[in-house]
Amino acid sequence: MRDLDLVIEDGEFVCILGPSGCGKSSTLRMLAGLEPVTAGDILVDGTRINDVSARNRDMAMVFENYALYPHLDVYHNIAMPLVARRVRNDEIRDRVFRVCETLRLTEQINSRPRTLSGGQRQRVALGRALIRHPRIFLMDEPLGHLEAHLRAELRAEIRRLHEQRGTTTVYITHDQQEAGAVGDRIAVMNAGRLQQVGSLHDLLNWPVNRFVAQFIGEWPLNLLPVNLIAESGSMSIRVDDLAIPLTPMQTRRLTGAKLESPLELGVRPDDVEIVNVGSALSLRAHVAVVEPQGDTSVVVAETAVGRVNAVVPSTEAPITNSAVGLKFAIAQAHLFGPDGASLFTGLDNIK
Amino acid sequence: MKPSRSGSAAATAKGGELAGGFRLVPAAVLVRYLVAGTFVGFCLFPFYIILTTSLKAERDIFAWPPVWLFDPTFKNFYQALFVFGGQGAFAFIVNSVIITAFSTVLSVGLGSMAAYGLARFPFRGRKQLSFWILSTRFAPPIAFVVPVYLMALQLDLLDSRIALVLIYTSMNLSLVIWLLRGFFMEIPIEIEEAALVDGYTRLQIFRRVALPLVRPGIVTAAILSAVFSWNEFLFAVILTQTHAATLPVYLSGFSNAMGLAWGEYMAVGVIAVLPITLFTAMLQKHLVRGLTFGAIR
């Protein structure tokens with residue numbers, strides 16, 4: 001974990017997204033006070049809380065591996081935070097039953113964790129956090145082990161509760177759709193470093209570097225070696241022997257790129273169009289594999305500069321072993337320098 | 001125990017049932033039970049002799065050949081408890097119970113806290129401290145007899161229950177700490193972290209979360225401590241004479257000074273075994289596995 005500088009507004013719902021081992025959980029544990037911070041400060045409402053113990057931070061946490069109390073039944077598992085705060089018994093009862101209803105746990109209320117299914121355990125873990133009215137919610141993959149339909153349902157429930165209570169929430173997930181659905185902003189992390197913070201839309205369209213571009217998006221990004229060239233007054237990129245002009249907007253956003261230096265072009269497979277061989281601005285390719293996936297098909301094509309995946313409507317899919325042209329929707333493409341940083345600055349910097 | 005039991009069950013099932021309802025028992029199973037039975041019989045036979053002798057009248061005790069069927073009498077027990085040697089065994093039973101109870105509660109109580117600290121708090125010299133605690137049991141107890149006697153003498157604790165409670169507690173502590181440290185370390189740390197986030201203090205977590213989860217360990221430690229304190233003879237015989245003497249001390253004096261009052265002697269033997277057996281039987285149902293199942297994924 002290094003140099004994490006993230007400001008979360010009061011009442012904001014921030015998702016931390018990243019591959020496993022990227023420091024998401026460590027970040028959350030530091031916020032919760034379970035892991036020491038070796039350098040830097042954690043401020044809540046302007047107060048430094050580095051040295052405040054976990055029990056006094058007034059944060060509720062959902063642990064990734066549930067961490068239920070195995071010797072207590074569901075009722076008492078969920079009631080534990082209230083018992084610690086000496087809430088009156090009848091109020092505890094009311095609140096536990098209400099949470100159990102929300103989470104569909106009423107029938108299991110007297111069961112011990114060991115008799116519950118994984119999904120039920122996860123909901124108990126969620127219930128133990130939701131029963132509180134903490135300053136901050138910390139959730140570590142709270143829906144990671146639920147079936148798809150329950151996940152979607154509880155995702156909406158978490159978002160609804162958030163809108164109702166407005167409690168600041170930090171939510172870890174590896175599912176970008178989930179992050180997009182529940183979060184106001186998404187923070188992408190990799191290798192212990194924060195990469196970019198923004199809405200899912202921002203991350204998709206204006207990734208700051210190659211990692212974010214590769215990590216976000218429904219399909220894996222195509223990366224092709226290219227050069228930047230100046231051609232008749234405007235900027236173009238050269239892929240193999242093909243020169244594709246950049247849009248005026250991209251030309252304006254282009255920063256810090258040297259002509260003729262080796263760069264990488266990032267194109268999402270759904271921004272690749274299959275056209276006839278020799279069409280204007282198309283790259284010659286050989287269709288190696290066609291994977292039908294219902295309405296769309298994934299076309300794996302070999303080009304002189306490497307393999308390119310394209311996602312096309314199944315009705316327009318070429319046949320295997322045919323020669324085709326690939327046309328890139330250049331306005332949606334990304335250009336990365338040798339260090340992986342995007343050469344297109346965010347729109348904010350242009351205005 | 002478990003594998004052999006399920007193994008034999010499987011073997012019987014394989015043997016199958018014959019048409020007439022007879023069960024074929026494979027020879028291997030038979031042999032297994034025979035060996036086990038012989039061993040158990042060998043171990044329990046002396047106890048059988050003690051129990052039957054304690055219930056026999058004097059003429060049956062010395063009868064030869066031994067009588068296997070006799071009219072049981074509780075006269076020996078009455079004699080042993082209240083009459084024999086002027087005051088009977090009763091006072092010594094009370095001593096044993098008090099000393100065992102106090103030393104067990106103390107060693108399990110203090111030991112569990114020490115074990116929790118050693119298992120959970122990463123302080124400097126933790127490993128060395130753990131090893132040092134274990135090493136207190138390396139030397140044979142008899143090596144400590146003289147120093148301990150002198151210490152008791154200086155503190156005016158000779159022939160007092162306190163002296164034995166303190167010694168037994170210190171001797172049991174290392175065992176209790178080592179046993180429970182392992183149990184505490186097996187509790188997934190996240191359960192305690194969850195309790196911390198839920199707003200509990202360290203002490204509350206220890207009492208409400210950690211302790212209930214190591215119940216089998218507590219029970220094992222209590223049984224081992226109690227059995228040790230109940231049966232300990234060396235320090236008891238050296239530090240106590242009359243006032244604070246425990247049952248083993250009484251028993252040893254019995255056979256020497258009173259000649260061979262076999263009936264009463266055996267009755268005291270039965271009485272000496274009974275409380276600790278009951279104690280163990282009572283606690284045994286808590287020796288269950290898997291208390292932390294379901295806590296984490």
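**Briefing: chains A and B of a predicted model**

Buried residues make up 33% of the 297 residues in chain B; a residue is buried if 20 or more other C-beta atoms, placed from the backbone, lie within 10 Å of its own, exposed if 12 or fewer, and partly exposed in between. This is a predicted model, in which local features need pLDDT of at least 70 and side-chain atom pairs count only at pLDDT 80 or more, while totals for chains, interfaces and linings use all residues. Residues are numbered from 1 along each chain as its sequence is written, and chains are lettered from A and ligands numbered from 1 in the order in which they are written.

**Chain B overall**

- Chain B has 14 helices and zero strands; helices (H or I, at least four residues) and strands (E, at least two) are DSSP runs, numbered from the N terminus.
- From the N terminus on, its elements read α-α-α-α-α-α-α-α-α-α-α-α-α-α.
- Of the chain B contacts between residues at least 6 apart in sequence, 75% join residues at least 24 apart. Contact means C-beta atoms, placed from the backbone, within 7 Å.

**Helix packing in chain B**

- Helix H8 (residues 161-185) and helix H11 (residues 215-231) of chain B pack at about 160°, with axes 10 Å apart. Axes are lines fitted to C-alpha atoms, for helices over the stretch in contact, and angles run from 0 to 180 degrees between N-to-C directions.
- H8(B) and H11(B) are therefore roughly antiparallel, the term for angles over 145 degrees.
- The crossing of H8(B) and H11(B) is right-handed, that is, the near helix is turned clockwise from the far one by less than a right angle.
- From H8(B), the contact involves residues including B:Tyr168, B:Leu175 and B:Phe183. From H11(B), B:Gly217, B:Leu224 and B:Phe228 are among them.
- The residues of this contact are nine nonpolar, five polar and no charged. Ala, Val, Leu, Ile, Met, Phe, Trp, Tyr, Cys and Pro count as nonpolar, Asp, Glu, Lys and Arg as charged, and the others, Gly among them, as polar.

**Chain A overall**

- Chain A has ten helices and 18 strands.
- Its C-alpha trace spans about 80 × 45 × 30 Å along the principal axes.
- Of the 351 residues in chain A, 38% are buried.
- Among chain A contacts between residues at least 6 apart in sequence, 65% join residues at least 24 apart.

**Strands of chain A**

- Strand E9 (residues 222-231) of chain A runs antiparallel to strand E10 (residues 234-239) of chain A, joined by five bridges. Strands pair if DSSP finds at least two bridges between them. A:Ala230 stands opposite A:Met235 in E10(A).
- E10(A) also pairs with strand E11 (residues 242-245) of chain A, antiparallel, over four bridges. A:Val239 faces A:Leu242 across this pairing, standing opposite it.
- E10(A) and E11(A) make a hairpin with two residues between them. A:Asp240 in the turn has a positive phi of about 55°.
- An open sheet of five strands runs in the order E13-E17-E14-E15-E16 (chain A), with antiparallel pairing. Its edge strands, E13 (272-275) and E16 (306-313) of chain A, each pair on one side only. The twist averages 45° from one strand to the next.
- Within chain A, strands E14 (residues 283-293) and E15 (residues 296-303) pair antiparallel over eight bridges. A:Pro292 stands opposite A:Ser297 in E15(A).

**Contact between the chains**

- Chain A gives 25 residues to the contact and chain B gives 21 residues.
- Strand E4 (59-62), helix H2 (74-84) and helix H4 (118-130) of chain A each supply at least two residues of the side of chain A that touches chain B.
- That side of chain A has 17 nonpolar, three polar and five charged residues.

Key: Parallel < 35°, antiparallel > 145°, perpendicular 65-115°, else oblique. Contact = placed C-beta atoms within 7 Å.
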